[in-house]
Amino acid sequence: EADLASVHAFLEGLLEGAAALVLEGDAGMGKTTLWDAAVEQAAEWGVVVLRARPSESETALSFAGVFDLLDPVLERALDPLPAAQRRALSRALVLEDAEGPPPDPHAVGIAVLNSLRGLAASEPVLVAVDDVQWLDTASSGALAFAARRLDHERVGVLLARRSGLESGLVSELCRCLAASRYTELDVGPLDVACLHRV
């Protein structure tokens, strides 16, 4: 119940500006169960939930995580972007045929940032990534770029990470967010029945 209280406090705090909550623990401890509960609660509260569940087999796929996050809101994410940013993000997500060099990661990062800002202008947004240690490097870089520049925007980042495995995104959030806006929760064995009662 203390873990759930931390999750609820994090979600309630989205109205005050950008924040991050990292759920960390060993395999089988219930990180994903708690992550699911947070995602479900956010959706019930009218938060726009962008979610990704990367797998180890996809770590080499560029921008797979960003695609998973933005896919349900793709039109809303792309529409307000200037043409150059829309083009960069479209190429990164393989939405159009284009020859030439791969999209510039800097341009994609700016596009992701402005997509999140655009979505958060009307409703709070939750960027939720389970097993963030498997997030591909390109997606991690784009999200880290955006996170460094979020401040008063109503965007929360909810990450679940297996203990002992590195994540560039987690490291960047820890470094760039104020201590009051960044929380790591060490998840022990969860009482699943308790989650269903709340």
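**Helix packing and cavities**

Tutor: Helix α7 (residues 137–149) packs against helix α8 (residues 168–176) at an angle of about 10°, and their axes are 9 Å apart. The model is predicted: local features need pLDDT of at least 70 and side-chain atom pairs count only at pLDDT 80 or more, while totals for chains, interfaces and linings use all residues. Residues are numbered from 1 along each chain as its sequence is written, and side-chain values use heavy atoms, with hydrogens and water left out.

Student: So what do we call α7 relative to α8?

Tutor: Roughly parallel, a label for angles under 35 degrees.

Student: Which residues make the contact?

Tutor: From α7, Ser140, Leu143, Ala144, Ala147 and Arg148. From α8, Gly168, Leu169, Glu172, Leu173, Arg175 and Cys176. Contact means heavy atoms within 4.5 Å.

Student: Switching to cavities. How many of 30 Å³ or more are there?

Tutor: Four in the whole structure. A cavity is a set of points on a 1 Å grid over the protein atoms alone where a 1.4 Å probe fits but cannot get out; lining residues have an atom within 4 Å of a point.

Student: What lines the largest one?

Tutor: Leu116, Val127, Leu143, Ala146, Ala147, Leu150, Val155, Val157, Leu169 and Leu173. α7 gives the largest share, three residues. The space inside is about 60 Å³.

Methods: Axes fitted to C-alpha atoms, helices over the stretch in contact; angles between N-to-C directions. Helix = DSSP H or I, 4+ residues; strand = E, 2+ residues; numbered from the N terminus. Parallel < 35°, antiparallel > 145°, perpendicular 65-115°, else oblique. 1 Å grid on protein atoms, 1.4 Å probe; cavity = no way out; pocket = protein on both sides within 12 Å on 5 of 7 lines; lining within 4 Å. Points joined across faces, edges and corners; volume = space filled by probe spheres on them.
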